[in-house]
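Hi,

Here is the structure I said I would pass on. Have a look at it first, and then read my notes below.

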Amino acid sequence: MAEFVTKAENKRRLAIIILCAIVNVGALTIGGIGMKKGSDIEHGQENKGNILNLKKDLAEKREALKALQDNYLTYAKDIGWRFEAVGTTDRFSTSPLQSEVLKNYLSDLVKYRPDQQAKMGKSVFETFGIAKYKRWDDPGAGENLVLTRVFEELLAKENEYKTKIEDLKTSIERERTAEVAVLKSTETNNAEKMGQIDGKAAPNAAAGGLIGELIRLHQDLNKTQKSDSEDLAKTEEETIAKQNEATTVKNDNVRKRGASAVIKEDFKRRIYVIQHHREEAKERRDPDGEILSINENRQLAYINLLRKDRLFKGTKFQVYSLEKGGQKLDKGTVEVIEVRESLSSICSIVTTADPAWPLKPGDKIYNELYEGGRTRYVAFAGRFVGKLSNEAAAYALRKFGDVYQDKVDENTNYVVVADGYEEHPNYKAALEYGIKILRENILLDYLGIRRD
């Protein structure tokens, strides 16, 4: 039986259908607008991290990574050690190390083949003075170079050159200081002499000193000549007295110059004796000691001289080998870097005459000025400001067996400089007559006194 629907019910249902359609259309419209705005935000410039940009960045990074992997896998092709590098995972292709190519590369770092030397010159290691390695194709004695040793040797040379640069800076600064001191001393002496001549008078002031005195005497003479004979005679007597006084001063100066000449002659004689002794020592080259052992890695030599032998830090010794028939062949130079009380003292190996003929235990050392346990004559210049006072240092020096001197003379071996030494007479005498100058800390090392 069909449902009976009234007209009013049909109108109500139609109204509901129309209302629902309107609501659906509005909802669809609002949703479409929202999706459009979302798409605009997603693809807009203000959203740097949208999906499209992220995909683009990811693709670029993949390309860059692939380029890095390609470089990593093929980096050794240009050098020739491998056809391809070893990868970090099983998926990377690898190839064996070309050992002969690597050996040739390392050998050329040490020394070029004889047929290449005329064209290529010195190798890298020959330029740096590294001579303990040999070529891989050389059957002779020596150590073969490996990759790890290349970087170790280059780092050691870098540190060595840095040390030499610092030493050169210190030497230059020391020479500049000495030059300034000499110039200052010369200027002071010149100023004193000029002060005696002009009396240190201002530019527009009346002359003083010897010039002023001469002008005054001339003025007095002119006045006296205009006065009566009695005044003239009196003035003449005063002039004669002044002349006599000047003669006395001149004679005193002559005597002082004579005494100074005697002192200079004494120092010249001392210098001659030292030079003669040095030349004689060079001719004899009697050994002062010998090398007990060598540390090749650290370039150190241990010698049999100790503090009791009056050994100074910084003393350099020539090294020679005593061959058959008494022949003495020079092998290099060492410098004392640590003076010990017993067993041995430590030297750094400064030079080696022939890298293929290194220093070895039993080699002899000598220095033309070093005289072993002989008593030293030492003077001070300036006031010590370190661990010891001047008096304590002099006492320690005497206790050690040496002679302390208040004033430099022909026997002086060393002058130790301290605070304010630039104007001290002992320092000036040391500069003038070539006496060796030591620093305060070197004296403490020599006496075996700790500085900390």
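What follows is what I found, one topic at a time.

Before you start: this is a predicted model, where local features need pLDDT of at least 70, side-chain atom pairs count only at pLDDT 80 or more, and totals for chains, interfaces and linings use all residues. Residues are numbered from 1 along each chain as its sequence is written, and side-chain values use heavy atoms, with hydrogens and water left out.

Strands

Strand 5 (residues 316-322) runs antiparallel to strand 6 (residues 328-338), and seven bridges join them. Strands count as paired if DSSP finds at least two bridges between them.

Thr352

Thr352 sits in strand 7 (residues 345-352). It counts as partly exposed because its relative accessibility is 32% (buried is under 20%, exposed over 50%, partly exposed in between, with a 1.4 Å probe and protein chains only). Leaving aside residues up to four places away in sequence, Thr352 touches Lys331, Gly332, Trp357 and Pro358, where contact means heavy atoms within 4.5 Å. Gly129 is 223 residues from Thr352 in sequence, yet their C-alpha atoms are 9.5 Å apart.

Aromatic rings

How many aromatic pairs does the structure hold? There are six. Rings of Phe, Tyr and Trp (its six-membered ring) pair if their centres lie within 6.5 Å; planes under 30 degrees apart are stacked, over 60 edge-to-face, and the rest tilted. Phe128 and Tyr161 make a tilted pair, because their ring centres are 6.1 Å apart and their planes are at 55 degrees. Phe128 belongs to helix 6 (residues 124-128) and Tyr161 to helix 7, so the pair ties together parts 33 residues apart in sequence. Phe128 is partly exposed at 27% relative accessibility, and so is Tyr161, at 32%. Elsewhere, ring pairs link Phe380, Phe384 and Tyr404 into a cluster.

Key: Helix = DSSP H or I, 4+ residues; strand = E, 2+ residues; numbered from the N terminus.
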